[in-house]
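Q: Before we discuss any particular feature, could you show me the model and its sequence, so that I can follow the reading step by step?

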Amino acid sequence: MAKLNIAPTKSNLLQMKEQLAVSTNGYELLEEKREILVRELMQMVERVKRLEEDIKQLTKEAYPAFTRMLMLDGADQVERLSKSIHYEFGMEEKTVVVCGMQFNTIDVKLPEKELFYSLIGTDANTDATMVKFFELLSLLTQMASIRTIVWRLASEVKKTQRRVNALDKMIIPQTKETKAYIESVLEERDRENIFVLKALKKKKG
């Protein structure tokens with residue numbers, strides 16, 4: 001690592017010592033932050049995995065139920081039912097705090113389940129199909145919200161990792177090398193000054 005191109009003076013040596021202390025402290029804090037972020041990210045990734053499994057399982061149940069509904073009620077009846085259902089979904093941007101940082105995400109407000117159609121001409125399978133798809137929609141909205149946070153949290157981890165690497169691989173080694181260079185030059189000057197003083201004293205003697 002190349003040293004900084006600065007004059008080997010006592011003031012610059014003091015500056016390098018201060019910069020090294022700040023950089024080292026900053027590195028330790030960023031490394032701690034990175035570890036916390038990674039731990040939180042891993043926990044949220046596990047939540048995503050669990051949601052994916054739930055969605056996968058519910059999808060396996062919902063679509064066969066819908067197929068049975070088509071077979072029992074007929075496509076025309078299913079179409080009439082679909083036109084009778086009118087749900088209004090609320091969407092709002094919300095702020096989630098993770099590891100002391102704020103992340104904006106979308107929160108979907110699901111309405112209460114209602115019965116929009118007559119019980120005549122329908123059966124238990126129709127109701128079960130509606131319930132399963134409503135539950136599936138709930139899981140999908142949760143997944144969308146969590147994944148948004150996961151993506152942004154992962155981006156923050158990468159940003160923190162880059163800063164940690166910059167301090168560890170470039171700034172701190174460069175500052176140490178510059179500090180060592182200035183100290184060696186100043187020590188050499190001190191030795192030369194002592195030699196000159198001894199020579200002058202000897203000459204006077």
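Predicted model: local features only at pLDDT ≥ 70, side-chain atom pairs only at ≥ 80, totals over all residues.

The dialogue below goes from the overall fold to the cores, the salt bridges and some pairs of residues.

Q: What do the accessible surface of the protein chain and its buried residues come to?

A: About 14000 Å² of the protein chain is accessible surface, and carbon and sulfur atoms hold 56% of it. Of the 205 residues, 28% count as buried. As for the contacts with a separation of 6 or more, 79% of them are between residues 24 or more positions apart.

Q: How does the span of helix H1 compare with the one expected at 1.5 Å a residue?

A: Helix H1 covers residues 10-73, which is 64 residues, and from its first C-alpha to its last it reaches 90 Å, close to the expected 94 Å. After H1 comes Gly74, which has a positive phi, near 90°.

Q: How do I read a nonpolar core, and which residues have the most contacts inside the largest one?

A: The general idea is that, in soluble globular proteins, nonpolar side chains tend to be buried together. In this model the largest nonpolar core has 19 residues, and those with the most contacts inside it are Met44, Val98, Ile146, Val150 and Leu153. The elements that give two or more residues to this core are H1, strand E1 (90-98), strand E2 (101-109) and H3, with H3 providing the largest share, eight residues. A second, separate core has five residues, among them Leu20, Leu30, Val164 and Leu167.

Q: Which residues is Leu153 in contact with, leaving aside its neighbours within four places in sequence?

A: With those neighbours set aside, Leu153 is in contact with Leu37, Glu40, Leu41, Met44, Val98, Met101 and Phe103. Two of these partners, Met44 and Val98, are also listed with Leu153 among the residues that have the most contacts inside the largest core.

Q: How do I read a salt bridge, and how many does the structure hold?

A: Side chains of opposite charge can pair when their charged atoms come close. The structure holds nine salt bridges. One of them joins the side chains of Lys159 and Glu156, at 3.6 Å from N to O, which is inside the 4 Å cut-off for a salt bridge. These two residues are three apart in helix H3 (residues 124-204), and are therefore separated by about one helical turn.

Q: Where do Lys179 and Glu183 lie, and how far apart are the closest N and O atoms of Arg191 and Glu188?

A: Lys179 and Glu183 both lie in helix H3, four residues apart, about one turn of the helix, and they form a salt bridge whose closest N and O atoms are 3.0 Å apart. Glu183 is partly exposed, with a relative accessible area of 24%. For Arg191 and Glu188 the closest N and O atoms of the salt bridge are 2.6 Å apart, and as these residues are three apart in helix H3, about one helical turn separates them. Both are partly exposed, Arg191 at 48% relative accessibility and Glu188 at 35%.

Q: How far apart in space are Lys56 and Leu136, and what does Thr9 touch?

A: Separation along the sequence and distance in space have to be read as a pair. Lys56, in helix H1 and partly exposed at 48% relative accessibility, is 80 residues from Leu136 in sequence, yet their C-alpha atoms are 9.4 Å apart. Thr9, by contrast, is 53 residues along the chain from Ala62, and 76 Å separates their C-alpha atoms. Thr9 has its place in the segment before H1 and is partly exposed at 29% relative accessibility. Not counting residues up to four places away in sequence, Thr9 touches Ile182 and Leu186.

Terms used
Residues numbered from 1 in each chain as written. Heavy atoms only, no water. Buried < 20%, exposed > 50% of the residue type's maximum accessible area, 1.4 Å probe, protein only. Expected span 1.5 Å × (residues − 1). Core = buried A, V, L, I, M, F, W, Y, C linked by side-chain atoms within 4.5 Å. Contact = heavy atoms within 4.5 Å. Areas by Shrake-Rupley, 256 points an atom, 1.4 Å probe, with all protein chains shown as cover.
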